[in-house]
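Please brief me on the architecture of this protein.

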Amino acid sequence: MKKKEMTRRDFLKISGMVGIAAVSIGLLDTCQPWVDLPTGAVNSKPNKSKEMSMLEQKKELIQMASLAASGHNAQPWKFEITERGITILPDLSRRLPVVDPDDRELWISLGCALENLVVAARAAGLNTEVTYPDISEKINIDLKDAETEQDELFNALALRQNTRSMYDGNTVQSAELDKLMALPVIDGIFVDFFNESDEITTLSEFIRQSTIKQYSDPLFINELIHWLRFNKKEALSMDGLYTRCSGNPEVPRFIGQLFISGIKPEKQAEEDIQKLVSSAGAVMISTETDSRSEWVKTGRIYERLVLQMTALNIQSALLNQPIEVPEIRGEMTESLHLKGARPQMLVRFGHAQLMPGSLRRPVGQILI
């Protein structure tokens with residue numbers, strides 16, 4: 001890992017670029033829907049003429065934490081600046097009661113934000129001491145001065161995305177796969193890679209069963225529709241799943257609702273299977289037990305993994321359906337010989353063209 005000195009002014013400059021990159025991805029020709037967004041939709045560049053205060057620095061860390069992945073891009077987090085650091089809290093108004101009734105994926109999302117914050121703090125010359133939510137329902141991060149460590153994960157923060165399209169079917173180079181498999185994990189978190197044809201076949205069957213079950217449930221469909229953003233005007237909510245990010249056209253909401261409501265479960269299952277088959281492989285993250293702390297740690301490892309993939313120009317996307325259906329989740333541990341007893345996340349990876357990036361709410365909306 002390369003180390004170099006970085007002043008707070010340098011960090012402000014870099015973090016400002018990160019914040020702009022997160023939304024300016026959509027200004028590229030490949031992301032045409034964003035070319036006529038109002039100027040206010042894009043975060044303004046911070047003032048670099050002044051030395052950054054600790055308060056400003058913490059806000060920048062929160063901005064970069066908010067670039068993390070979350071279920072349905074619901075961004076179910078709140079941040080509080082404390083004297084010693086930053087606290088991450090769940091925003092239960094943004095929970096997904098149908099697909100995530102136990103708030104398992106909500107806490108995983110908070111873990112993703114935590115990992116982003118840790119990576120960004122390292123680049124700012126700050127050490128992080130994390131207190132997990134074993135007792136209280138919050139994550140505390142104490143910040144202390146340390147050596148600056150800007151690495152390739154930091155540079156990937158603004159570029160990471162769930163690339164939900166079909167992939168090109170090509171394999172990942174063995175050296176890159178080795179690097180992914182060697183990524184450090186946290187005690188109690190297990191990572192299994194799958195790229196053999198029989199393993200993909202087994203995963204495909206689990207995806208088929210779970211997708212059909214979910215898309216046959218009107219409550220699931222209604223929750224999905226609630227979080228879909230069918231056009232630019234809706235996407236300016238700065239959250240949710242903008243349809244152009246999945247390669248679908250913009251339409252008025254009533255048309256989008258009709259389309260989603262009319263999806264045949266078997267057809268959707270086949271489409272999801274084809275996305276898996278087009279990938280170079282898949283990764284399962286599992287844990288020994290189900291607890292808030294292990295869910296948060298799962299989110300950290302997932303975010304670390306996909307940031308590393310991004311740095312290697314490898315795309316990834318979630319295929320969590322088999323984990324979201326309890327009876328199927330229980331079957332996978334034995335069938336796939338998982339290292340952990342509780343599957344938490346299923347991720348496919350490979351090579352594909354980048355899609356438009358999802359927007360994020362500004363710090364003012366997520367800061368207590």
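The briefing below goes from the whole chain to single contacts.

This is a predicted model, in which local features need pLDDT of at least 70, side-chain atom pairs count only at pLDDT 80 or more, and totals for chains, interfaces and linings use all residues. Residues are numbered from 1 along each chain as its sequence is written, and side-chain values use heavy atoms, with hydrogens and water left out.

**Overall content**

- The protein has 14 helices and 10 strands. Helices (H or I, at least four residues) and strands (E, at least two) are DSSP runs, numbered from the N terminus.
- Of its 368 residues, 57% count as buried. Buried means under 20% relative accessible area, exposed over 50%, and partly exposed in between, with a 1.4 Å probe and protein chains only.
- Among contacts with a separation of 6 or more, 78% come from residues 24 or more positions apart. Contact means heavy atoms within 4.5 Å.

**The four-stranded sheet**

- Four strands form an open sheet in the order β1-β2-β4-β3, and the pairing is antiparallel. Two strands pair if DSSP finds at least two bridges between them.
- β1 (77-81) and β3 (126-131) are the edge strands, each pairing on one side only.
- Neighbouring strands are turned by 25° against each other on average, direction ignored. Angles run from 0 to 180 degrees between N-to-C directions, and axes are lines fitted to C-alpha atoms, for helices over the stretch in contact.
- β3 and β4 (residues 139-145) run antiparallel and are joined by 6 bridges. L126 has D145 of β4 as its bridge partner.
- Helix α2 (residues 54-65) packs on the sheet and touches β1, β2 (85-90), β3 and β4. The direction of α2 makes about 165° with that of β1.
- α3 also packs on the sheet, touching β1, β2, β3 and β4. The direction of α3 makes about 165° with that of β2.

**Helix α3 against α11**

- The axes of α3 (residues 104-123) and α11 (residues 292-311) come within 6 Å and cross at roughly 55°.
- The two helices are therefore oblique to each other. Angles under 35 degrees count as roughly parallel, over 145 as roughly antiparallel, 65 to 115 as roughly perpendicular and the rest as oblique.
- The crossing of α3 and α11 is right-handed. That label applies if the near helix is turned clockwise from the far one by less than a right angle, and left-handed if anticlockwise.
- Contact residues of α3 include R104, W107, I108 and G111, and those of α11 include R292, W295, V296 and T298.
- By class, the residues of this contact are 10 nonpolar, 4 polar and 6 charged. Ala, Val, Leu, Ile, Met, Phe, Trp, Tyr, Cys and Pro count as nonpolar, Asp, Glu, Lys and Arg as charged, and the others, Gly among them, as polar.

**Helix α7 against α9**

- α7 (residues 218-227) and α9 (residues 253-261) pack at about 150°, with axes 10 Å apart. That makes α7 roughly antiparallel to α9.
- Their crossing is right-handed.
- I221, L224 and I225 of α7 meet R253, Q257, I260 and S261 of α9. This contact has 4 nonpolar, 2 polar and 1 charged residues.

**A121 in its setting**

- A121 lies in helix α3. A121 counts as buried because its relative accessibility is 0%.
- Leaving aside residues up to four places away in sequence, A121 touches L61, L126, T128 and L143.
- A121 and T148 are 27 residues apart in sequence, with their C-alpha atoms 8.6 Å apart in space.
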